[in-house]
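Q: Please take a close look at one residue of this model and the residues it touches. Then set that site against the rest of the chain, with the cut-offs behind each term.

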Amino acid sequence: MAVQLYNTLTRRKEPLETLEPGRVKMYVCGVTVYDLCHLGHARAAIVFDVIRRYLGRRGYEVTFVCNFTDVDDKIIARARRLKIPIGELTEQFIGEYYKDMDALGVRRADIAPRATAHIGEMIEMIEDLIEKGAAYPGGGDVYFDISRFPAYGKLSHRNLEELEAGFRVEPGEGKRNPLDFALWKASKPDEPFWESPWGPGRPGWHIECSVMSSRYLGDRFDIHGGGEDLVFPHHENEIAQSEGCFGHDWVRYWIHNGFVRINHEKMSKSKGNFFTIKSVLADTPAEVVRFFLLGTHYRHPVDYSDQVVGEAWRGLDRLYNLLLRLGPSGAGAGGEQARRMKEEADAFRARFAEAMDDDFNTARALGHLFDFARQANSLLLEAGGALPREAAAPAVEVFREVGGVLGLFGHEPEEWFRQARPGAPEEGENGQLGDTQVEELISKRTDARKRKDFKEADRIREELAEAGILLEDGPSGTIWKRRL
RNA sequence: GGCGCCAUAGCCAAGCGGUAAGGCAGAGGACUGCAAAUCCUCCACCCCCGGUUCAAAUCCGGGUGGCGCCUCCA
């Protein structure tokens, strides 16, 4: 059974049939680097990161291209305000982008091209479009001629009449038709520019993706992705340019992710209702963010709130707790449990694949993961709380596998539970204890428990509790977690 | 105004014609020196009204309520 994926172009799920067997070429629109990234960028990055990882796991050789838009109005405006060259500004925010995405566990693209490094090719493509009669210069600008591309609107499923009806006419532009869009913009005084056959200027936004994708993936490729706000006009325009230039169908599958919302509204710069990735990661582990985001299907909106993230965190804890329990090797004869653990792990592996094959349904996949966790916990219980290493191995292994796809379970479970929780005493504050202090107290308590001095044992438990440390006595000793 | 998406338990969420996954929270029970963790049990007639069908949360029509795109936006 092939991977099924929802194609914005056809509004249907379709089986993935790649141009070349066993290979997937995908291009995802990256960010405009003039400011810090927010959670909306994080979702897009994580969604396509997971898609890419899954296809890789599924046996495809994936080539993943994700660009940086490093010249545009906002970049120019901001650089001017800061009185620095745009290159300095974009360099800085590309750096911040990588810090954020690395922190979120987003694997880097195979190729991350920058618009300004492909200006010459953009000019060539624009010239080509002019030659083909699909574009025309006007007053130092160059526009794409919508009337020459009858299929315009096929991605966003609109027709020209509808579009014209709602279009806001912008004055002072040399367009023949209000829907025509700029391929090249003449530069104003004091703006950065590149020389071109039409005079000094800079590329329009859309042309860069057509140029860079074809440069690295060829003039046809399999998957093009981005946030759903890019469907119109950005991706529609890309199609017009590319198909107008190449003279054939361009991209096979269009994938768009839904928005992150705050109080039911789209998170966006202009609304000002955004959280930067940095601010979120200041008090939430990256894996919690991933887990939270992957708990909703990628095409649906997700509402972000402290409450919901807290719930996700506790859910992830449950999974990590299983990993914790699978760690220490128990003595017991785990033959029967070992056999069943293997069965459960295999069954889960199959269900996970089934869910992911169905339009990358991570939410359903996580549901199966919790089912599996319950089964594994039951087996652990039957075995007296711990299993021999060989018996636990299939479970640990399948966790590794799905973790590798989802970008989860990258921590040692002990370490996971020892990270600071929000509201816990701050480092250096009264009551905050270091790991070694905690462990000393635990060993004192263990001695006390051996003497059946439960009063002293409970006193130590209480002391640690006040410092935000939770103790759990298990078959293989006492473990501790940092808790509120 | 045009086009489109969504509406499932206290909260989040899957579901794509065959009689409601999963998580969080809550209740009861088991286990435990205590506790936590874990396990078991319980907790939804799927926004409303019509229609199609042997059968609808799922399809069609009409409401109501959210949201998005049409302008830079992941």
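A: Leaving out residues up to four places away in sequence, Asp141 touches Tyr136, Trp184, Lys185 and Ala186, where a contact means heavy atoms within 4.5 Å. Asp141 and Trp184 are 43 residues apart along the chain, yet their C-alpha atoms are separated by 5.3 Å. Asp141 belongs to strand β6, which covers residues 141-144. Helices (H or I, at least four residues) and strands (E, at least two) are DSSP runs numbered from the N terminus. With a relative accessibility of 15%, Asp141 counts as buried; the class takes in residues under 20% relative accessible area, exposed being over 50% and partly exposed in between, for a 1.4 Å probe and protein chains only.

This is a predicted model, in which local features need pLDDT of at least 70 and side-chain atom pairs count only at pLDDT 80 or more, while totals for chains, interfaces and linings use all residues. Residues are numbered from 1 along each chain as its sequence is written, chains are lettered from A and ligands numbered from 1 in the order in which they are written, and side-chain values use heavy atoms, with hydrogens and water left out.

Thr362 can be described in the same terms. Thr362 lies in helix α12, residues 362-382, and is buried at a relative accessible area of 4%. Its contacts, again without residues up to four places away in sequence, are Val50, Leu294, Thr296, Met356 and Leu406.

For the whole of chain A, buried residues make up 51% of the 484 residues. Of the contacts between residues at least 6 apart in sequence, 77% join residues at least 24 apart. Chain A has 16 helices and 15 strands, and its C-alpha trace spans about 90 × 55 × 35 Å along the principal axes.

Two strand arrangements can be described in detail. Strands count as paired if DSSP finds at least two bridges between them. Strands β1 (residues 4-7) and β2 (residues 12-15) run antiparallel and are joined by four bridges; Gln4 has Pro15 in β2 as its bridge partner. The two strands form a hairpin with four residues between them, and Arg11 in the turn has a positive phi of about 55 degrees.

Elsewhere, three strands make an open sheet of mixed pairing in the order β12-β11-β13. β12 (265-266) and β13 (302-303) are the edge strands, each with a single partner strand, so one side of each is left without a neighbour in the sheet. Strand β11 (residues 260-262) runs parallel to β13, with two bridges between them, and Val260 is paired with Val302 of β13.

The cysteines form zero disulfides, a disulfide being a pair of cysteine sulfur atoms within 2.5 Å. For Cys66, the nearest cysteine sulfur is that of Cys29, 8.0 Å away; Cys66 is buried, at 11% relative accessibility. Cys245 has its closest cysteine sulfur in Cys209, and the separation of 15 Å is too far for a bond. Cys245 is also buried, with a relative accessible area of 6%.
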